[in-house]
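Subject: Handover of a structure model

Dear colleague,

Please find below the structure that I am passing on to you.

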Amino acid sequence: MTTLDFCGIALEHPIINGSGTFDAIAAHRAFGDELLERFPFAAFVSKTVTLEPRQGNPPPRLWEVPAGMINSIGLPNKGLEGYLAEDLPRLAQLPAPLIVNVMGFTREQVAELVTAFSAREEVAALELNVSCPNVETGLVMGADPDEVAALLERVRPLTDKPLIVKLTPNASDVAAVASAAQQAGASALSLINTLRGMALDPRSGSPWLGGTTGGVSGPAVRAIALAQVQAVSQATNIPLIGMGGVQSGRDALDLIRAGADLVAVGTESFRDPVAGSRIAAELAALLQTTEPVKTW
Amino acid sequence: MSGDRTQAPFGRRSAAITAHEDHGAYVVLRCSDPAGPRPQAGQFYMLSSATRWGGGENERPFLPRAFSVLRAEHRELHFLIEDVGPGTKRLCELRPGDDLLLVGPLGTGFVSPREGRAPLLVGGGVGIAPLAIWQDELGGQAPALLGFRDAAHAAGAVLLAAPRVATDDGSVGHHGLVTELMTERLDADDHVEVYACGPPAMLEAVRELCARRDVPAQLALESGMACGFGACFGCVVPTRHGLIRLCLEGPVLDAAVLETAVVAGAGH
């Protein structure tokens with residue numbers, strides 16, 4: 001089988017999952033060993049890990065929007081200690097390299113997480129979730145070029161593993177943030193995270209989500225993802241993981257043409273748990289076909 | 001509940017609609033599922049239509065919808081559906097020759113009554129669905145108490161054997177709440193284990209009645225979910241042990257783990 005190289009990690013195809021959109025441990029309970037035999041992703045990105053355990057936001061956490069959904073999950077997780085003890089040994093059994101997504105509320109917290117995972121050989125790469133505020137500066141780490149540069153300068157020396165920065169689309173100049181991340185030592189960039197949005201309870205007119213606002217995902221955001229991937233691709237020359245509303249091989253190819261090296265599938269896996277495999281197969285077929293495509 | 005779940009084939013599969021039956025306000029869809037395992041009573045499936053899933057009111061639906069299985073026989077699955085929004089509306093349009101897309105069976109099912117207790121089924125509205133397959137598995141004799149809004153909804157009562165029916169408007173059976181029938185039954189003999197599914201307010205009344213009388217109960221809850229297999233973390237419900245994902249730890253929960261069966265955002 002041909003493989004591709006992503007930051008020194010050999011992958012069987014370019015389709016992975018977006019962080020927080022597939023829980024391989026839960027899916028194993030629901031689907032059994034067939035999950036492992038037909039694992040849909042070339043690498044597995046685990047849900048965000050924080051230093052301390054988090055329960056997440058109160059329900060309701062979901063609403064359906066035109067061609068997509070909005071979620072306010074609030075990053076529930078077992079915390080670093082729980083993840084290392086319970087989740088990591090199980091995720092290490094997956095038939096795909098493991099990328100661990102981490103988030104801290106201060107640079108020191110991120111540094112602690114990076115240091116802890118740097119020592120674990122089960123972990124192929126780290127992804128930094130910078131979509132939260134730095135409680136010491138009040139700025140969203142991924143929304144400001146100086147913030148993201150300061151974060152990378154703090155954590156880059158702590159590990160030899162690839163550091164992927166997951167960019168937030170809720171920034172005024174994503175390309176500037178991307179460029180700052182590259183200059184400060186990011187190995188790769190992934191985008192887009194969800195777009196901030198809101199839904200109202202159709203009966204009461206007050207916010208539906210327990211967290212008031214949430215993140216919009218699904219095909220509704222695909223055109224935005226395409227534009228941001230292209231802008232970031234032009235501003236940087238490190239590998240990119242593109243994502244945002246991908247449902248087909250055609251959508252994946254679009255992101256690749258806009259500059260992505262890998263493509264992540266998120267919301268579509270909710271609708272079909274093997275969407276990743278289907279999209280990878282469709283993409284492979286598209287790359288070999290010369291048939292004209294439909295436009296209008 | 002604690003029983004071993006029946007696991008789903010990995011992936012979304014196509015299932016041909018074999019029948020569309022109208023039962024008053026409800027539709028029963030039957031589909032052929034030769035590739036799927038026999039589900040446990042109380043387990044659920046994520047359903048969508050193979051075509052035109054989207055492009056309805058407000059460009060919805062987009063996400064699949066969760067349905068407890070109503071009945072499973074002869075390699076066919078039956079689902080009970082009420083048109084309450086763009087997803088259920090589209091499902092109600094399906095006819096033989098159309099295809100359903102499904103993932104499942106998912107979640108946990110009902111487990112047998114504790115030693116010395118007889119099953120008592122209590123359902124409300126579209127929530128009668130998992131009680132039908134459970135009554136089948138219990139041998140068809142378990143008494144069923146069913147509550148509905150009105151006569152159009154009470155037409156669904158034929159899906160269970162020998163039910164006692166209550167309606168809010170008194171048009172069929174007892175004029176009042178199904179929990180009133182339940183109280184009557186418990187007064188006569190409370191050596192039962194209650195199996196209940198229905199709207200949040202009904203489930204909470206059942207939970208509270210059972211807790212007060214020390215009667216064990218298994219409640220099948222509902223919560224909005226995007227995936228059904230633990231990926232989205234959207235369907236959490238509060239329990240005495242914190243928030244749990246209903247699609248994984250439920251939808252059938254032992255009433256003892258709940259402080260309330262009213263979950264924000266549940267119901268329709």
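Predicted model: local features only at pLDDT ≥ 70, side-chain atom pairs only at ≥ 80, totals over all residues.

For the complex, the predictor reports a pTM of 0.96 and an ipTM of 0.95. Chain B has a mean pLDDT of 96, with 98% of its residues at 70 or more.

Chain A

The secondary structure of chain A comprises 14 strands and 10 helices. Along the principal axes, the C-alpha atoms of this chain occupy a box of roughly 55 × 50 × 45 Å. The radius of gyration of chain A is 18 Å, which agrees with the value near 19 Å that a compact globule of 296 residues would have. Of the 296 residues in chain A, 54% are buried. If one takes the contacts in chain A with a separation of 6 or more, 72% of them link residues 24 or more positions apart.

One sheet of chain A may be of interest to you. It is an open sheet of 4 strands, in the order β5-β6-β12-β11 of chain A, with antiparallel pairing. Its edges are formed by β5 (62-65) and β11 (195-198) of chain A, each of which pairs on one side only. Direction ignored, neighbouring strands of this sheet are turned against each other by 40 degrees on average. Within the sheet, β5(A) and strand β6 (residues 68-71) of chain A run antiparallel and are joined by 4 bridges. A:W63 has A:I70 in β6(A) as its bridge partner.

A:A116 belongs to helix α4 (residues 107-118) of chain A. Is this residue, A:A116, buried or exposed? A:A116 counts as buried because it has 20 C-beta neighbours inside 10 Å, and the cut-off for a buried residue is 20 or more. A:T159 is 43 residues away from A:A116 along the chain, yet their C-alpha atoms are separated by 9.6 Å.

Chain B

In chain B, 6 strands make a closed barrel with antiparallel pairing, in the order β1-β2-β5-β4-β3-β6. From one strand to the next, the twist averages 45 degrees. Strand β1 (residues 13-23) of chain B runs antiparallel to β6(B), and 4 bridges join the two. Here B:A15 is placed opposite B:L100 of β6(B).

Two helices of chain B pack on this sheet. Helix α1 (residues 86-93) of chain B touches β2 (26-32), β3 (44-49), β4 (65-73) and β5 (76-82) of chain B, and its direction makes about 130 degrees with that of β5(B). Helix α2 (residues 129-137) of chain B touches β4 and β5 of chain B, with an angle of about 25 degrees between its direction and that of β4(B).

The interface

How many residues of chain B are in contact with chain A? The number is 34, and they meet 35 residues of chain A. On the chain B side, the elements that give two or more residues are β6 (99-106), β13 (236-239) and β14 (242-245) of chain B. That side has 21 nonpolar, 10 polar and 3 charged residues.

With kind regards

Terms used: Residues numbered from 1 in each chain as written. Chains lettered and ligands numbered in written order. Rg over C-alpha atoms; globule rule 2.2 N^0.38 Å. Buried ≥ 20, exposed ≤ 12 C-beta atoms within 10 Å, placed from the backbone. Contact = placed C-beta atoms within 7 Å. Nonpolar A, V, L, I, M, F, W, Y, C, P; charged D, E, K, R; others polar. pLDDT = per-residue confidence, 0-100. Pairing = 2+ DSSP bridges. Axes fitted to C-alpha atoms, helices over the stretch in contact; angles between N-to-C directions.
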